[in-house]
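Got the viewer open and the chains coloured separately? Let's take a walk through this model, one selection at a time.

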Amino acid sequence: MKSIRTVTAALVAVGLLAACATAAAVASSTKTVTISVASLIPGSTQAAINQFNAQVAEFEKANPSIKVEPVQYQWTAPTFAAKLAAGTLPTVFEVPFTDARSLGDAGQVADITSLVKALPYYSKFNKAVLAEATDSKGQIIALPKGAYAQALHYNRQLFQQAGLNPNKPPTTWAQVEADALAIHQKTGKPGYVEMAKDDNTAGWILTTLVYSLGGRMETGRGTSAKATLDNPQTVSALNLLKHMRWTDNSMGSNFDYGWSDINQAFAAGQVGMYVSGSDVYTNLVQAYNVNPSIYGLAPIPLAKNKNAGVLGGGTLAVVKPNASAAQKVAAVKWMDFFYEEPLVSKAQAIRNAKTLAANKQPIGVPALPLFDKAQSQLANTWIQPYINVPISQMKPFLNGIYNENVIPEPEASTQSVYHALDAVVESVLTNKNTDIQSMLQQANSEAQQAISSGS
Amino acid sequence: MSEERPAALISHAEWLRPSVRYGVGAAHVVLLVLLVVVGLGPLLWLAKSAITPTNDTITHPMGLFPNGFAWGNLSEAWNNVDVARYFWNTVVIAIGSWASQLFVATTAGYALSVLRPKYAKVITGLLLTTLFVPGVVLLVPLYIEVVRPPIVHHTLIDTYWAIWLPAGASAFNVVIMKRFFDNLPREIFEAARIDGAGPFMLFWKIVLPMSKPILGVVSIFAVLASWKDFLWPLLVLTDPSKQPLSVRLPSIEGQTELGVFLAAMFIACLVPVAGFLVFQRSFLRGSGLSGAIKG
Amino acid sequence: MAGGGGGLGPPPPATEAMNANAISEIEVEGAAVAAHQAYRRPRRTPLTWVRGGGLSNLLFLAPMLFAFGAFSWYPIVRTGIMAFQHTNLVQAPTWVGFANFSAVWHDPQFPVAVKNTAYFAFLALIFGYPIPLVAAVLMSEVRKRRGLYSALAYLPVVIPPVVAVLLWKTFYDADSTGVFNTILGWVHLGPYPWLQSESWAMPSLVLESTWANAGATVIIYLAALTGVNADLYEAASVDGANLRQKVWHVTLPQLRGVLLVTLILQLIGTAQVFLEPYLFTSGGPANHTLTVLLLIYNYAFGNSLGGDYGKATALSLMLAAFLAVFSLIYLRATRGWSTE
């Protein structure tokens, strides 16, 4: 009967439709190994993208059996969790120091201990940095991409317009406050701004301030750590912000800056000073084409307290856990080439610098050493001729950082600790009558809860 | 629809009284001015600022081109900020969602209204219950299902299927489709059946052609809903090159200068606004229709 | 998106009668066949099922059953299950009883979120409920070019919500050179902090939300208003009612059904507000715009190392249960007030 034929045809159609809904498997080739690698932050300039592609081409030429696919990548809390759960992270991806250990412990990144130990420069690694790349079972799960210390970024032009000496940035928090007030009074622009977004950056910067006054957010390790968010230094830091905001009115009128928008505001010449990682100059160039002459870099002012130190952090490159053995080998080769070689091989450092220079990318942005002192100083001499960042304007930081203790971020439930502090910072900046003590106590119990539950 | 005839609130006699005529007339003028300022104003500002240099927008937001135009904003948004790609993604997602919704709603409405198998009542009941469930209840498990689909075992994250497939599950669409089919004259179906038409023929050659108005309304709302969709694409499309405009725009806010960013937003508005102006009747009728269902 | 459920309407009479006839015919036939061959053949074979249209019924329902089954009913059921489990996508889920609900209940952010959501709903009601009605009543009497009014009112609704929020975010710039502050500056008001102040943030959100959504309500009211029976107005005029009395005694009562439904729908909708708090302020400043949906999102997707899906689904269930109970109470209380 006609209808049975149409029914059969329909059945076939439905079957095809169902088959279409099944995603195809990734084709695997026999000889070449393909790995996907994290490349640049989405929205980077074409020049930055070109430079990255040039490096990929160089690597593939040297390793004809490896094919590299760049994937634009930015670590943000929600998308990272999604990609992690779905398994759509590139083979080589990047995570901050704070997350690496937990990921390693949970088996969500590959163990590459043997491959890393086989690297010729393994013994030259900075021990503290290597410790961040090791999980609690002693397995090495990452190679360091970069380490930074927090720093004070300031706009030399605004300093000049306010009658301040751009070569003498503030060295105490009292001076920061005074300079911010001067900038505001003479130029109308906010003298000092602070990240106050609800995405953990507010807590991150507050923690930086507190460390520089000698306070700590935690004592102990792991799930038995004790939260100490409500220590006296935190109260001082918040009071400093409160004074600048409400009494001096030198912090402007926008209090929801996150990591990128504060960079954007600075690059546009809108703000006088802010605290962020010492390596943000790269972002300022790659995303915002900052005018180099306005940029100044100073170390975080430290209180005269033996516990005062500067918060340090960094980024690690890790490998997907379900990568095949061949892929792991290829991945470590890439990580070696892209992240480490420029610091240990003169030829590679120079080649790298040339590629970066050709694409007008910043070379010589101050960073914390990934290797021991001897190696780091040696590496610096190799790229000396190629440095194209205003290194003289960064002298205050380069000179001052060696006298500062670099302290790692709070170890237990770092992001949760920062998250608990976000609300306190926001409240101080947007509500004149915030009860700092009670808000801190609340934040403390919230952080303690997170620490005890290991989240 | 009596869109042209006013409500009979004000009687003819009252209109003749000057106090009523001028009072209500003045109220209408005020209302019109308010509607223009409030409804159209923000969009006009967006259009103006899209072609104004960033500096001017920041320092003199209400000025009118004090330093001339910046047409470059639009081209920079389209090319460098890659709005073209995100626009294209939005179009592709919208087409797929539309097809999915139409496919499910027409076949289901047809089965429940015209074919009426014995178990139709159960399904209709389930459908109505689904209509009452707030969307938030679905969110987390649907997400997990898309991340780790049970049978397929390959993640749907970063594929458009993660959006197209769930889009079909719109109880609202099925209900209004079914309602429309219910109101079609049965005699035509009988005549067709007697002529030997099977269920497929009936669907394809008779019911669908008769349903053009409702197909139009559902299509417009499907495309519009897809264009506006935010949270779900945000969750399931983590790869920036696949994201639609609504997801990408907030992410690039921090990296794009204001003039270019506003130009990108303006481009994102073009399709819905143009579509609205062209298909106004269907929009407004469809809105009234949803009101009729709710009332 | 929950919509109101009207009745299905009566089945078309012809089909019903036809079905009745057909069924009785089949019964007779079946009895006869059974009497002759009862020992040999069952009444329904797969072939008779296919011939009877069973297969094509199923084929037509298949897309819907697949779509709803996989992406609607299955997730709804799973919410009910996951709320009582601890899930972390690495190990198998474990049953934890009411632990998730307890954790949510004791979370200090929970009462904050509930209070904020109620505040949003309340403000949205004040700003956004009467205004569309007044506008619609006025518009219903426009003689010329009413389409222009409708189009202008509905225009904000077609703008993608993300664009609307981002646009208003620039309007709300707290500098004195922000758009709103500039305009208010012309009449020597401000500058105001808008989103940068704990007390101003939520009303700012509600203002934008009203702008973006009121148009749809206006159109619904307009359709209802033009459908009011003219005779009622005539009768009222004959009784000597003036305009205000006619609105109060004829228009509003006639609109009761629509008004009540839009009210409950608005309350249910605003209870689930997510976009505005997320894009404008991320729940800030200091959690003053944290809503229940945003809290659910934070539970599930806010932690870079994986979310707490148990707490997220528990809170979703709590919200859904609350809305269900609220709707029931509302429907029961307003049952006597409807005109039909």
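Start by selecting strand S3 of chain A, residues 92–96: four of its five residues are buried, so the strand is mostly covered. A residue is buried here if 20 or more other C-beta atoms lie within 10 Å of its own, exposed if 12 or fewer, and partly exposed in between, with C-beta atoms placed from the backbone. Helices (H or I, at least four residues) and strands (E, at least two) are DSSP runs, numbered from the N terminus.

Before you click on, know that this is a predicted model: local features need pLDDT of at least 70, side-chain atom pairs count only at pLDDT 80 or more, and totals for chains, interfaces and linings use all residues. Residues are numbered from 1 along each chain as its sequence is written, while chains are lettered from A and ligands numbered from 1 in the order in which they are written.

S3(A) and S9(A) pair in the antiparallel sense over five bridges; strands pair if DSSP finds at least two bridges between them. Show Val92(A) and you'll find Val319(A) of S9(A) standing opposite.

**Around chain A**

How does its radius of gyration sit beside that of a compact globule with 455 residues? The globule would come out near 23 Å and chain A has 24 Å, which agrees. That radius is taken over C-alpha atoms, and the globule rule is 2.2 Å times the number of residues to the power 0.38. Of the 455 residues of chain A, 51% count as buried.

Next, pick out two loop residues. Asn200(A) lies between helix H8 (173–187) and helix H9 (201–213) of chain A. Asn200(A) has a positive phi of about 80 degrees although it is not a glycine. Why does Asn200(A) count as buried? Because it has 25 C-beta neighbours inside 10 Å.

Then go to Ser413(A), in the loop between strand S10 (406–408) and H17 of chain A. Ser413(A) is not a glycine either, yet has a positive phi of about 50 degrees. With 28 C-beta neighbours inside 10 Å, Ser413(A) counts as buried.

**Over to chain B**

Select chain B: there are 16 helices and zero strands. Chain B has a radius of gyration of 24 Å, whereas a compact globule of 295 residues would be near 19 Å. Its C-alpha trace spans about 75 × 70 × 35 Å along the principal axes.

From its first C-alpha to its last, H5(B) reaches 46 Å over 33 residues, close to the expected 48 Å; the expected span is 1.5 Å times one less than the number of residues. Just after H5(B), Arg116(B) takes a positive phi of about 50 degrees.

Thr256(B) is your next stop, in the loop between helix H14 (245–252) and helix H15 (258–278) of chain B. Thr256(B) is buried because 24 other C-beta atoms lie within 10 Å. Leaving out residues up to four places away in sequence, Thr256(B) touches Val81(B) and Phe261(B); two residues are in contact if their C-beta atoms, placed from the backbone, lie within 7 Å. Show Ala77(B) too: its C-alpha is 9.0 Å from that of Thr256(B), though the two are 179 residues apart along the chain.

**Where chain C comes in**

Bring chain C into view. From chain A, 30 residues are in contact with 28 residues of chain C. H3(A) gives the most to that side of chain A, with seven residues.

Which chain B helix gives the most to the side that touches chain C? Select H2 of chain B, residues 18–50, which gives 13 residues. In total, 89 residues of chain B are in contact with 92 residues of chain C.

Finish on Pro285(C), in the loop between helix H13 (275–281) and helix H14 (292–301) of chain C. The peptide bond from Gly284(C) to Pro285(C) is cis, with omega near -15 degrees.
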